Amino acid sequence: MSFKSKLLGDFIALRFLRWRHKKSLKKLQDRGWNKMQAVLEKSEYYQGYTAQNLPLTEYPIINKAIFMDNFDAINTRGVKLKNAFEVAREAEESRNFAPMIEDITIGLSTGTSGNRGVFLATESERAQWVGCILDRVIGFSLKQRKVAFFLRANSNLYSSVKSKLLSFEFFDLMLPMTEHINRINTLQPTILVAQPSLLIELAREVEMGNVNIFPQKIISVAEVLYPEDAVYLSRVFNQKIHQVYQCTEGLLATTCSEGTLHFNEDFLIIEKRYLDEKKERFFPIITDLKRSTQPIVRYELNDIIHEKENCPCGSPFTGIAQIEGRADDVLRFKTLENIEKTIFPDFFRRAIVQSHDSIIDYTLVQTEENRLELFIDSAEVIRNMAKSSIQKLLTDNGINAVDIITVNERHHEKGNKLRRIRNDYWKTN
Ligand SMILES: [Zn+2]
């Protein structure tokens, strides 16, 4: 079967299943889990569990480190991590974008060296992924559409969506904005896909009159879309901003007609590890019922998710109010009594943006045990208001003696993910 016919099959199946199983999600997931047993039998890591016919809840919860340590035993095709790494690195160095072992595409996740993940997908799995992107993200249409896609490097995963009705133009994230302006004005994209920090740069150019584009749909990917940024972008582009929550582990969530992210629970089982007593925040533990080369079973992510209940769209899939950041974005301090106190990034975000209406662009980074670096793209008087607001938050939590230093440069390197609030100190100490 050709890639396109596989893709069409997956696309139709997703559409059909979505309506048929609206009321019986649990049944659909149970069926998916039963089907997945045939995959798990081929995995050295999981076959012992399958042989005993254990329910999902009896499987071990793993994370990226465990997943990578057991790479050779988990995958069902006998791929060795050492070999996969070599192939992927060679491809990266030669800018050849299709690292393959037999019919398996090798993907490397971004991350610090030594902490990079390796992900495997066959053509069928890629077709499923593209089918899902078409169904949930781009949407089907008989009109011809042009997609402007900003990413780090071209990837054969994305080019596969190209057809008569849909064309993709890639913009290299690493190039300065000035190099994109003419090209994007000429292209006049129907759909714009980029990370929020880049969408913001584009929005600024729109406000200055340098960029004149009228996309019908804007999709934010790869980074956390902060609520203020979403408001700003919606205002400039005069539309709702859609989101994709995706990582190398899979396409996790996409936005509904109301603009709410929902986990794709028709093929994912989501368990929640709550992080606070009020059960407002959790780490998702994902089981992907579709992956076969590299099974994803009870894989805990370190993204802090806020749940949204009762989305007006009526979807039975768990809604996400906000992706607050990652586990290492949590700031940690010591109180006067020498007790460790953690404060979630969202509290700092609120303290900053609520101190003055005009604050949109900011970063706050913990660089030392008692030092915070604050960048705000505003006048000094406004910075000082944000500073006192942060100070109050700390004092209310019994934390004193933290220096808040204002800096003139945003903590962000071009091409990297923008994380407005992050902790650079504690992960290394
Ligand atoms: Zn919804």
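The centres of domain 1 and domain 2 lie 30 Å apart, taken over C-alpha atoms. This is a predicted model. Domain 1 spans residues 1–327. Domain 2 spans residues 330–428. Their contact takes 25 residues from domain 1 and 20 residues from domain 2.

How much area do domain 1 and domain 2 bury between them? The figure is about 1,900 Å², with 49% of it on carbon and sulfur atoms.

What links cross this interface? There are two salt bridges between domain 1 and domain 2. The side chains of R349 and E228 form a salt bridge, at 2.2 Å from N to O. Seven residue pairs are in polar contact across the interface of domain 1 and domain 2, both residues at pLDDT 80 or more.

Next comes the side of domain 1 that touches domain 2. These elements each supply at least two of its residues:

| Element | Residues |
|---|---|
| Helix 10 | residues 196–207 |
| Helix 11 | residues 227–237 |
| Strand 14 | residues 303–308 |
| Strand 15 | residues 319–326 |

What kinds of residue make up this side of domain 1? Twelve are nonpolar, four are polar and nine are charged.

Is S378 buried or exposed? S378 counts as buried, because its relative accessibility is 18% and the cut-off for buried is under 20%. Leaving aside neighbours within four places in sequence, S378 is in contact with S358, I359 and R383.

Notes: Residues are numbered from 1 along each chain as its sequence is written. This is a predicted model: local features need pLDDT of at least 70, side-chain atom pairs count only at pLDDT 80 or more; totals for chains, interfaces and linings use all residues. Side-chain values use heavy atoms; hydrogens and water are left out. Domain bounds come from an automatic or database domain assignment. Contact means heavy atoms within 4.5 Å. Buried area is the accessible area (1.4 Å probe) that two parts lose on being put together, summed over both. A salt bridge is a side-chain nitrogen of Lys or Arg within 4 Å of a carboxyl oxygen of Asp or Glu. A polar contact is a pair of N or O atoms within 3.5 Å; within protein, one must be able to donate a hydrogen and the other to accept it, and residues adjacent in sequence count only if both atoms are side-chain atoms. Helices (H or I, at least four residues) and strands (E, at least two) are DSSP runs, numbered from the N terminus. Ala, Val, Leu, Ile, Met, Phe, Trp, Tyr, Cys and Pro count as nonpolar, Asp, Glu, Lys and Arg as charged, and the others, Gly among them, as polar. Buried means under 20% relative accessible area, exposed over 50%, partly exposed in between (1.4 Å probe, protein chains only).
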